[in-house]
Amino acid sequence: MITIRRAAERGHADHGWLDTFHTFSFADYVDPDWMEFRALRVLNDDRIEPGRGFGMHPHRDMEIVTIVFEGALQHRDSMGNTEMIRAGDVQRMTAGTGVVHSEFNPSEKEGVHLYQIWILPEKTGLAPGYEQKAFPAGRGLRLVASRDGRDSSLTIHQDASVYRAGLGEGESLAHEVPSRRHAWVQVARGAVTLNGRRLEAGDGAAVSGKETLELKGVEPADLILFDLA
């Protein structure tokens, strides 16, 4: 079964410096029908203006994955990490017993487009941790985070796999969803068809039950695909 979540149906907040869309309930946006999907708790589509960002703020007991699509984001945290997350980079932060961090766009001219993802961990009270890697743009599916860190992906503490995918116009790929697993497809940029149904930037789709996902580029597109228990 495939359920489409259209971009225009998401929660939205425009803070001036931050334009953000919430696929699932977040902050002041609450929709009982869209609280989470399996272990996927937050899927925020954020655009940050030049010279602005999030000040130091706390998190705990969450796997936080950040994927930057445009621009660069300066990260600082209470674990001592000071990193620049650039387009094509993926960051994993295990908040665990508690982390304080900030995210700032240091550019004077260029905005940042990112997806911030929260995945519920398999258990609470984990030690805080941090990883970041560059995943060069390419065609097809590229594993960027997984429970076992296979194929040089980041390691997350949950039975979930996170893929990035690039599709050119007319290009296609397939992904099998086993009968006891689930998937979420999120279009970050461009447009595709999913099993014949058009998805545009900001659209997402929940998949449950045995399915073969057939994705085809209508125009050049960037996707995030989650394979979930």
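Contact means heavy atoms within 4.5 Å. By that rule, arginine 41 is in contact with Phe24, Ser25, Met35, Glu36, Met62, Trp118 and Leu120, leaving aside its neighbours within four places in sequence. This is a predicted model, where local features need pLDDT of at least 70, side-chain atom pairs count only at pLDDT 80 or more, and totals for chains, interfaces and linings use all residues. Residues are numbered from 1 along each chain as its sequence is written, and side-chain values use heavy atoms, with hydrogens and water left out.

**Arginine 41 and strand 4**

- Arginine 41 belongs to strand 4. Strands (E, at least two residues) are DSSP runs, numbered from the N terminus.
- The side chain of arginine 41 reaches the backbone oxygen of methionine 35 at 2.9 Å.
- The C-alpha atoms of arginine 41 and alanine 87 are separated by 23 Å. Along the chain, these two are 46 residues apart.

**Nonpolar cores**

- A nonpolar core is a set of buried Ala, Val, Leu, Ile, Met, Phe, Trp, Tyr and Cys residues joined through side-chain atoms within 4.5 Å. Buried means under 20% relative accessible area, exposed over 50%, and partly exposed in between (1.4 Å probe, protein chains only).
- The largest nonpolar core has 26 residues. Leu40, Leu43, Ile117, Val162, Trp184, Ile224 and Phe226 touch the most other members.
- Several strands each supply at least two residues of this core, including strand 4 (40-48), strand 6 (63-70), strand 11 (112-119) and strand 20 (211-228).
- A second, separate core has 21 residues, among them Val177, Val187, Ala221 and Leu225.
- In soluble globular proteins, nonpolar side chains tend to be buried together.
- Which residues does isoleucine 117 contact, leaving aside its neighbours within four places in sequence? They are Leu40, Val42, Leu43, Glu63, Ile64, Val65, Ile67, Ile224 and Phe226.

**Strand 11**

- Eight of the eight residues of strand 11 are buried, so this strand is largely enclosed by the rest of the structure.
- Val112, Leu114, Gln116 and Trp118 point one way from strand 11. His113, Tyr115, Ile117 and Ile119 point the other way.
- In a regular strand the side chains alternate between the two faces of the sheet.
- Strand 4 and strand 11 pair in the antiparallel sense over eight bridges. Two strands pair if DSSP finds at least two bridges between them. Here arginine 47 stands opposite histidine 113.
- Strand 6 and strand 11 also pair in the antiparallel sense, over seven bridges. Isoleucine 67 has tyrosine 115 as its bridge partner in strand 11.

**Strand 9**

- Six of the six residues of strand 9 (residues 89-94) are buried, so the rest of the structure largely encloses this strand.
- Asp89, Gln91 and Met93 point one way from strand 9, and Val90, Arg92 and Thr94 the other way.
- Strand 9 pairs with strand 6 in the antiparallel sense over five bridges. The bridge partner of threonine 66 in strand 9 is glutamine 91.
- Strand 9 pairs with strand 12 (residues 129-134) in the antiparallel sense over six bridges. Arginine 92 stands opposite glutamate 131 in strand 12.

**Histidine 59**

- Histidine 59 sits in strand 5 (residues 53-59).
- Is histidine 59 buried or exposed? At 13% relative accessibility, histidine 59 counts as buried.
- The side chains of histidine 59 and histidine 101 make a polar contact of 3.2 Å. A polar contact is a pair of N or O atoms within 3.5 Å; within protein, one must be able to donate a hydrogen and the other to accept it, and residues adjacent in sequence count only if both atoms are side-chain atoms.
- Leaving aside neighbours within four places in sequence, the contacts of histidine 59 include Met93, His101 and Trp118.

**Alanine 165**

- Alanine 165 lies in strand 15 and counts as buried, at 5% relative accessibility.
- Not counting residues up to four places away in sequence, alanine 165 touches Gly140, Leu141, Leu173, Ala221, Asp222 and Leu223.

**Two loop residues with positive phi**

- Arginine 38 is in the loop between strand 3 and strand 4. Its phi is near 55°, a positive value in a residue other than glycine. Arginine 38 is partly exposed, with a relative accessible area of 43%.
- Asparagine 195 is in the loop between strand 17 and strand 18 (197-200). Its phi is near 50°, again positive in a residue other than glycine. Asparagine 195 is partly exposed, with a relative accessible area of 32%.

Note on methods: Helices (H or I, at least four residues) and strands (E, at least two) are DSSP runs, numbered from the N terminus.
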